[in-house]
Structures are given as structure tokens and as C-alpha cells.
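Have the picture open while you read, and take the points one at a time.

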Amino acid sequence: MESGSKFNPTLSPYFFEVMQGQAIPAQKIDTNSFMPIFDALASLQRPFPAHLLRELRKHVYELVAHPDPGQAIETVRAIPFDSENADGLRVVFGVGSFSDKDLQDISGISGRTLTREDLARDLLEIRPRGIDAHNVIQHGLPTILKYSATAYLPIFKYLHECQIIDDFNEIDETEIPETVKDLIQRIPTASKQNQARYTRVVAGKFQTPREVFEADFAVYFKFECLLCLDPKNYDIEEMRQVLAEQFELSENEETSNKTNLFKAIAHYDRMKYAVDTPYIFSFGNVM
């Protein structure tokens with residue numbers, strides 16, 4: 001066609017034959033330039049492909065469950081984008097409109113993704129970031145207990161950080177779910193058989209967590225001994241160090257002692273964060 005001549009694109013039906021007897025209908029465009037086609041395509045609002053949305057969802061989950069190491073507290077906040085509190089947020093992701101209840105539910109996502117291993121790492125100070133205590137109490141612990149109703153879990157650290165427990169071990173029961181109340185009264189103790197064995201072969205001979213784990217006992221019995229040791233005979237920091245070492249070992253190899261390990265971790269939580277008398281608690285409204 002001569003330069004400068006006017007040419008109007010024409011449309012006509014067209015069929016792509018994909019196999020014998022089957023064809024895909026299409027529109028055939030005859031034009032001397034792709035610009036009209038590009039202009040028309042550019043005016044269309046392009047949807048996100050389904051596979052891309054699936055990939056984005058994976059990364060959004062990773063942002064929730066494993067935030068940037070520079071973030072001091074692992075928590076999810078959902079606030080209106082035009083709020084004054086939106087300044088300085090690292091990541092904002094929102095689709096559609098949110099009610100106040102929606103925002104509250106979104107804020108609990110990180111709590112519901114927590115595992116007992118996450119709580120153990122946090123308690124034993126081997127986790128690079130802290131965990132929001134309110135999310136643990138309101139979402140994390142109830143979710144874990146829903147599937148492991150008899151589990152031993154750290155709780156007093158989070159009661160302490162939320163100021164739900166006072167200096168007299170009185171707990172504000174209005175601030176915690178019912179399942180968490182049951183966990184408070186779940187006292188980690190050695191079996192009667194292991195208590196008797198501890199009295200016979202350990203008491204007076206091995207008095208610290210380090211001495212117990214350097215002794216020639218089965219690992220499960222060492223964990224049971226930790227529940228029997230007199231805390232006046234050792235520094236509680238030594239208990240943390242020994243449990244941290246054993247926790248990391250349990251992650252690197254198959255072990256049948258995880259129940260005993262988590263029972264000992266729950267015991268450490270009570271010793272460190274329950275005030276003065278770790279096994280005596282009362283429920284009420286803390287003023």
C-alpha cells in the first residue's frame with residue numbers, strides 16, 4: 001500500500017482447526033499497521049492470570065508466617081490504606097473492602113499459623129524475631145490445642161508480656177480463652193516411677209541440668225529429671241541453654257523424646273515467668 005494512503009482495518013470470522021472436526025472460532029483482522037490493534041488492547045483492563053494469583057498467595061503467606069528478619073515482632077496488621085497509621089508500613093496488601101471484624105480476623109492470621117516449635121524457639125531465645133504475645137494467647141495457643149488438646153506448651157511468658165498475670169500469680173480470666181485456662185493448670189511432672197528412680201540414682205549426685213545431661217541416662221529420663229531438680233541448685237539460664245541445645249538436636253534428627261522435651265520446656269516457662277510460686281494460681285480480674 002502506498003505511503004500516506006488511508007487504510008481501515010477489516011474484521012472477518014476465522015477458525016483455527018486444532019484437530020480434525022474441531023476448530024476454535026476467532027476474529028481475523030486485516031490491517032497495514034499493528035498500532036490500532038495495540039491501542040485497542042491497551043485500553044482493556046487486564047485481569048491477573050489465575051496461576052499468577054496462586055503464586056502471589058504463596059508469597060503473601062510467607063510474608064505472614066516468616067516476616068523480614070529486621071522486623072522486631074511477628075504480627076500482621078490490617079489498617080485502612082489512607083489511615084495516618086499507614087505511614088511506614090513495609091508491606092500493604094489489600095483486596096476489596098474490610099469491616100472492623102475483617103481487620104480483626106486478618107490481624108490474627110500470624111497467630112493461627114504458629115506451631116509449638118515456634119513457641120519453643122521464642123521461649124528459648126533461638127528465634128530471630130519475637131512473637132506478638134496477644135496473638136499467641138488469642139489465636140496461637142487455641143489453634144494448637146484444637147489439634148493437640150493435651151500438649152504441653154509455653155504460656156506464662158505470654159501472660160506476663162500481656163500483663164494478664166500479676167505479682168501474686170492472679171490471672172485475669174476475662175483476657176484468655178477457655179482452652180488456655182486449662183493449659184495454665186496443666187502442670188508438667190515426672191511420672192511416679194521416674195520420680196522414684198530420680199530419688200534413688202540422681203538426687204544428691206547430679207544437681208544441675210548440665211550435670212544431668214552429661215550423665216549416662218536415657219534421654220527421656222534426663223528430661224524427666226529436669227522436672228525434679230531443685231531450682232535452688234542451678235541458674236535458670238543453664239536450663240535454657242540445655243533445652244535450646246536439645247531442641248536443636250531434635251530438629252536435626254528423628255527422635256521419640258519430643259513429648260518429654262516439650263514437657264521440660266513448659267516446665268522452664270513456669271519457672272521463669274510464673275512469679276515466686278509457679279504451681280499455685282488463682283483466677284480473677286486483675287486490677
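1. Let's start with a question: which residues of α11 are buried? They are Phe221, Lys222, Phe223, Glu224, Cys225 and Leu226. Keep in mind that this is a predicted model, so everything below is about a prediction. Six of the eight residues of α11 are buried, so the helix is largely enclosed by the rest of the structure. And what surrounds them? The buried residues of α11 pack against α9 (192–201), α10 (209–214), α12 and α13.

2. Now step back for the overall picture. The protein chain has 13 helices and six strands. It is 287 residues in length, and 35% of them count as buried. Take the contacts in the chain with a separation of 6 or more: 65% of them come from residues 24 or more positions apart.

3. Back to α11, and to one of its partners. The axes of α11 (residues 219–226) and α13 (residues 258–273) come within 9 Å and cross at roughly 15°. Angles under 35 degrees count as roughly parallel, so α11 is roughly parallel to α13. The crossing is left-handed. On the α11 side, the contact is made by Tyr220, Phe223, Glu224 and Leu226. On the α13 side, you'll find Asn260, Leu261, Lys263, Ala264 and His267. Sorted by class, that contact of α11 with α13 has five nonpolar, two polar and two charged residues. Notice that Phe223, Glu224 and Leu226 are also on the list of buried residues of α11.

4. Next, α13 with another neighbour. How far apart are the axes of α12 and α13? They are 11 Å apart, and α12 (residues 236–252) packs on α13 at an angle of about 155°. Anything over 145 degrees counts as roughly antiparallel, so that is the word for α12 and α13. This crossing is left-handed. From α12 come Ile236, Met239, Arg240, Leu243, Gln246, Phe247 and Ser250. They meet a set of residues in α13 that includes Leu261, Phe262, Ile265, Tyr268 and Met271. By class, the contact of α12 with α13 has 10 nonpolar, three polar and three charged residues.

5. One more partner for α13, and that is α5. The axes of α5 and α13 come within 11 Å and cross at roughly 45°. That makes α5 oblique to α13. The crossing is left-handed. Arg116, Glu117, Ala120 and Leu123 in α5 meet Lys258, Phe262, Ile265, Tyr268, Asp269 and Tyr273 in α13. The class count for α5 with α13 is six nonpolar, no polar and four charged residues.

6. While you're at α5, find Asp122, which lies in that helix. Is Asp122 buried or exposed? Asp122 is buried, with a relative accessible area of 9%. Leaving out residues up to four places away in sequence, Asp122 touches Arg127, Arg129, Gly130, Ile131, Lys157 and Tyr158.

7. Most residues other than glycine have a negative phi. Glu125, though, has a positive phi of about 65° and is not a glycine. Glu125 sits in the loop between α5 (116–123) and β4 (130–131), and is partly exposed at 48% relative accessible area. The other residue is Gln163, with a positive phi near 60°. Look for Gln163 in the loop between α7 (156–161) and β5 (170–172). Gln163 is exposed, with a relative accessible area of 67%.

Methods. Residues numbered from 1 in each chain as written. Predicted model: local features only at pLDDT ≥ 70, side-chain atom pairs only at ≥ 80, totals over all residues. Heavy atoms only, no water. Helix = DSSP H or I, 4+ residues; strand = E, 2+ residues; numbered from the N terminus. Buried < 20%, exposed > 50% of the residue type's maximum accessible area, 1.4 Å probe, protein only. Axes fitted to C-alpha atoms, helices over the stretch in contact; angles between N-to-C directions. Parallel < 35°, antiparallel > 145°, perpendicular 65-115°, else oblique. Left-handed = near helix turned anticlockwise from the far one by under 90°. Contact = heavy atoms within 4.5 Å. Nonpolar A, V, L, I, M, F, W, Y, C, P; charged D, E, K, R; others polar.
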